[in-house]
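Colleague: Could we go through this model together? I would like to begin with the strands and then turn to the helices.

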Amino acid sequence: MTEFLNDWGITTMVFLPLVGALIMMITPADQEETHKGIALLTTLATAVIGVLLFLDFDFDNSATLQFVVDRSWIDIVNARYSVGLDGISLPLIALTLLVVPLVIIYSWDHIPAPGNPKSFLILILVLHTGMLGSFVAQDLVLFFVFFEVVLLPMYFMIGVWGGEKRLYAAIKFFLFTLFGSALMLVSFLALYWLTGSQTFNMVELAQEVAKGDISSRAQWLIFGGMFMGFGIKVPMFPFHTWLPDAHTQAPTQGSVILAAVLLKLGTYGFIRIAIPILPAAAIDWAPIIGLLAVIGIIYGALGCLAQTDMKRLIAFSSVAHMGYVMLGIATMTPFGLNAAIFGMVAHGLITGMLFLIAGSVKERFHTLEIDRLGGLLVQAPRMGWALGFCVMASLGLPGLAGFWGEFPAILAAYNPAEGISTTLFRVYMVIAAIGTVLAAAYLLWLLQRTAFGEPSEEFVNDPHIHDAGRFEWIAWTPLLVLIVVFGFVPSLIFDITDSAVVQALQAFGATP
Amino acid sequence: MIPLLAQAAQAPFIRPHIDWHAVAPELVLLGAGALITLIDLIWLERVRRIIPTLTAFAFLAALIPVATLWEANDGVARSMFDGAYVFDNYALVLKGLFLLSGYVIVLISTNYMSEGDYYDSEYYQLISASVLGMLVMSSARDLVSIFVALELVSIPAYLMAAWRKRDLRSNEAGLKYMLMGVFASGILLYGMSLLYGLTGSTKLVDIGQAIAIGESKPIITLAVVFCVIGFGFKVSAVPFHTWAPDTYEGAPTPLTAFLAVASKTAGFVALISIVVFAFPGQSDVVEPLIWLLSALTMTVGNLIALRQTNIVRMLAYSGIAQAGYILAPLAVYSGRTDQAVSAMVTYLVIYAAMNLGAFAMVIIIARKTRSGEISSYGGLFQYAPGLTVAMTAFLFSLAGIPPMGGWWGKFELFRVLTDGSSSSGVALAVVLAVNSVVAAYYYLAIAKQMWFMPAPDGDHSRIVVPPALQVAVALTLIIALGTGTLLPGVLSDMTDFTMLAAP
C-alpha cells in the first residue's frame, strides 16, 4: 500500500476525476441520476485516496516533500512531471478534496438553469483535476498547465449556468486571468534562461537564484511578472474587479469553488513559487504587496457596505479577507505565512458556506436583493441560524476558524521580516485592525437586514419558502463542523504548515 | 551559356545513384495517383465511390516507407543527385506531416465532394499530385527542385480552388489565387535567377558558401529579399496576404483546409530550406525583414480576424496570424538555426492538427446549418454537446491554452525568441504575447456563440457525422491533445533536428 501511495498516490488522486469525466462523457445525457452518482463516487474516491495519502504522510517531516514522483516529461526543455506533497500544499488539497464532493452533493437537486447535469458535473470534475494538480506540481511548466486548465471549466460554468450578465462576467474572468498568466509564463521563462540552469524545478530554481547570478533589477521584474499572474488570481486591489462580477454571475457551485479553492491558487503561488525562488525581490516588493493588501481590506469592506445584493456583498468580503491573507504573506515571516495559510483554509470554509446559503436563499426567494429580504429566522429558522453562524465566523469571532486567519496576520504585521520597514507595517497593522471593525459592521448589518425582523410582505405567504433540505444539510454540516473544530484547535493546521513555511522562508534566515 | 553547354557536353554522363528506399514515399504516391487516374478512365462512374478510399490508403501506404526510413536512420542523411535531394530527419518529419494532412484532407473531402455536384475523381488525383509536390519540397535542396515542387503544389491547388464552378465566389477564389500565385512565382524566379547568376550554382549549400564570401552586397540583398517575398505570398504573410481571405471563403471548404494547412506548410518548408541553407550568412538582411513580416502578419491578421462574422474568413485571418507566429523564429535564426527550425516544425505539426480539426468541425456543422456565419453556431451546445466540446478544444488549442497542444507550440516559439540576449527576439516575443491575448478574444467569441447563445432558428435536430469525418476529428483531436499533455516530449524529440548541409 505504501509503495503504491509513494509511486502512484498523487497521480491517481489528481487524474481520477478526469477518469470519471471520461466515463460520464460516454454515458448518455438523459441518465441524469447516473451522472450525479458517477460524479459523486469519483470525487469521494479521490477524497479517499487523499485521506490515505494524509494517513501515510509523515507529519513530523512536513517540511520535506513526500510521495515525490519525478518523471521525464518534456526533455527538450527539461520540464518534468514532478509532483509532491508537503505541509504547505496539504491543507489546501484537503480543502479541495472536501469542498468538491460537497458541491456535487449540493448539486443533487440544485442543477442551475439551463440544466444539463452531465456537462455541468464533467466541468466540475475537470476543474477538480486542475486544482489538485496545481497544488502538487513542483515544476513550473507543469504548474502552469494545471493553473490554466482551471480557467476553461470555470469560464463555461459562469457563461452557461450563470446569471443575467453571465457573458460579460465570463469573458472578464477569462481575459483578466489570461493576461496575468501570460506575464507569469514570461517570468518563468526568464528564470529558465537567466539562471542558466535550464530547469523548471521549483527547488532547483531557488538554489540557482540563491547563487546570485541574476541582477536584483531582473529579479525585481521577474517577481513583478509573477505578482501579476498570482495577484490577479487572488485577487488583489486593483485587479479585483473581475471577482464581484464572476462571483455574482456564477452559479452557486461555481461561486463556492471559486471562493473556496480558485482564489487560493494565487496566494499559494506566492508562498510556493514567488517567495522561495526570489526572496530578495520579495523583500523589495513586500511594502507594495502590504499596501495593496490593506487597501484591499478597507476597500473591500467599504465596497461591502455599499452593496445591495447579498452575493455581491459576499464577493467583496472575499476581497477584504484575501487582503488579510496577502498582508500575512507580505510580512515574509513564518508567523505571517502560517496565518496566511490558515486564512486561506478558513476563508475557503466560511465563504464557501456563505455562498451555499446565498444559493439556497436565491433558490427560495428568486432574488438576493437585501432590501427585499428579511425575517429569514422566522421563515426558515435553521437557515437563518446557519447564516448567523457563518457571519460570526467570517467577522473573526474567537473560537471560530475565521479568527485564526485574521488575528495572527494582523499580529504578524507588527514585526515583519528583516529588511522590511517595521514602521510601515505597523501602520498597515493599524489599518488592517480598523478593517476588522468594518467587517463586523457590514456582516452584522447583512445579518440584521436579511435574517432579523419580519418577513417582507411579498414573501410572507410564499409556499416555496421552506427550511434547509436534506441535501443542503449534508453539504453544509462538514463545513460548519470544521469551522468550529479549527476555531478551537487551530494547531491542527498550524502544526502541519509551520515547518514547511520555515523551510520556504529559509532564505530569510527564518527559525521556527 | 555556350561554354557552359560545351563543358556539359564534354563531361561523360554518369548515371546518378538512385536510393530507391529513400524515394519510396514519392514513388508510392506517384504510382497511386497514376493508378487512380487510370481506374477512373477505364471504369468511369462505377468506381467513383471507391476513389476517395483508394486515395486515403495511398497516403497511408506512403507513410510506411517514411516510418522505415525513420527507423533506418543512422545519423547520416541519405541524399541523391549530389546533395540536391536529401532525406534527413527534417525531411522525414515533414513528409509524415504532409501525408497525414493529406489523409485528413481526403477524409474531410469525401462527403463534401460526393454530396455536392462536383467532379469527384479528378479532385483526388489533383490532391495526390499536390501532396507529391510537398513530399518533393521536403527533400529539395536545390533552387530548381524547390521551384518545381512549388509549382507542383500550387497548380493543382489553383484548379481545386475553382472547383465549385457554378459559384461565382469559387471562380473568384481560383482566379485570384492563380494570379497572385503566378505573380509570386515570378518574383521568386527573379530572385532565384539572381542567385544563380551570382553564384553559378543552383544547389542551396553552394549558394550559401558562395555568397557568404562574395563582395557584391546590394545585388545579393536584392536576391534575398525577392526570395523571401516570393515565399511571403505562399505563406500569406502581410502585406502579401490579400488573396487568402477571398480564396479561402470561395474555395470548397476541404480545399480551404488544404490551403490553410498543407499548402502553407509547404511554403514554410521552402522558406526554411532556402534561408537556412542558402542564406546562413545573410542574417543581417533576412532577420529584420522577417521580423517585420512576422510582427505585421500576426498583428494585422488578428486585428482583422476580430471583425469577421463568417467562420471560414475568420479562420483565414486567424491562419494569417498563425503564419506570423510561425515566421517569428526565422527572425532570430542566426546562431540558433537548429532550435529555430525545431520550434517552427513543432508549431507546424500542432498547427496542422488543430487547424484541420477546426475545419473538419466547420464542415460537420455546416452539414446542418448550411451556413458559415458564426451566428449560426448558436445553441450548438444544447443539441450537439460532443461536437461543441471538440470544436472548443480546437479553438482553445489555436488560442494556445493548455492542455491543448497549441500552448506547447507557442512555448517553443517563446523559448527560441527569448533565448540569448537579442533584444529584437524578446521584443517579438512581447508582440506575440500581446497578440495571443487578442486572438483569444475571437476564438472565445465562437466558443461563446456555441455554448451560451440560443440556436438562431430554434432548430435542435441532431447532426449526423459521417464515419470519415469522425475519423478525421478523432485523429486531429488526439494529436492536438496529445502534443499538449503527454507527448510534447515525443514531438520535440522528433523535431530536434540538426540542419546539416548535405554531405
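**Strands, helices and the chain contact**

Modeller: S1(A) and S2(A) form a hairpin with 4 residues between them, and A:Asn78 in the turn has a positive phi of about 60°. Strands (E, at least two residues) and helices (H or I, at least four) are DSSP runs, numbered from the N terminus. This is a predicted model, in which local features need pLDDT of at least 70, side-chain atom pairs count only at pLDDT 80 or more, and totals for chains, interfaces and linings use all residues. Residues are numbered from 1 along each chain as its sequence is written, and chains are lettered from A and ligands numbered from 1 in the order in which they are written.

Colleague: How many bridges join S1(A) to S2(A)?

Modeller: There are 6, between residues 66-74 and residues 79-85, and the strands run antiparallel. Pairing requires at least two DSSP bridges. A:Arg71 stands opposite A:Tyr81 in S2(A).

Colleague: Changing topic, at what angle do H2(B) and H3(B) cross?

Modeller: The axes of H2(B) (residues 24-43) and H3(B) (residues 51-72) cross at roughly 165° and come within 8 Å. That makes H2(B) roughly antiparallel to H3(B) (over 145 degrees). Axes are lines fitted to C-alpha atoms over the stretch in contact, with angles from 0 to 180 degrees between N-to-C directions.

Colleague: And which helix gives the most to the side of chain B that touches chain A?

Modeller: In total, 23 residues of chain B are in contact with 25 residues of chain A (C-beta atoms, placed from the backbone, within 7 Å). H18(B) gives the most to that side of chain B, with 8 residues.

Technical notes: Angles under 35 degrees count as roughly parallel, over 145 as roughly antiparallel, 65 to 115 as roughly perpendicular and the rest as oblique. Two residues are in contact if their C-beta atoms, placed from the backbone, lie within 7 Å.
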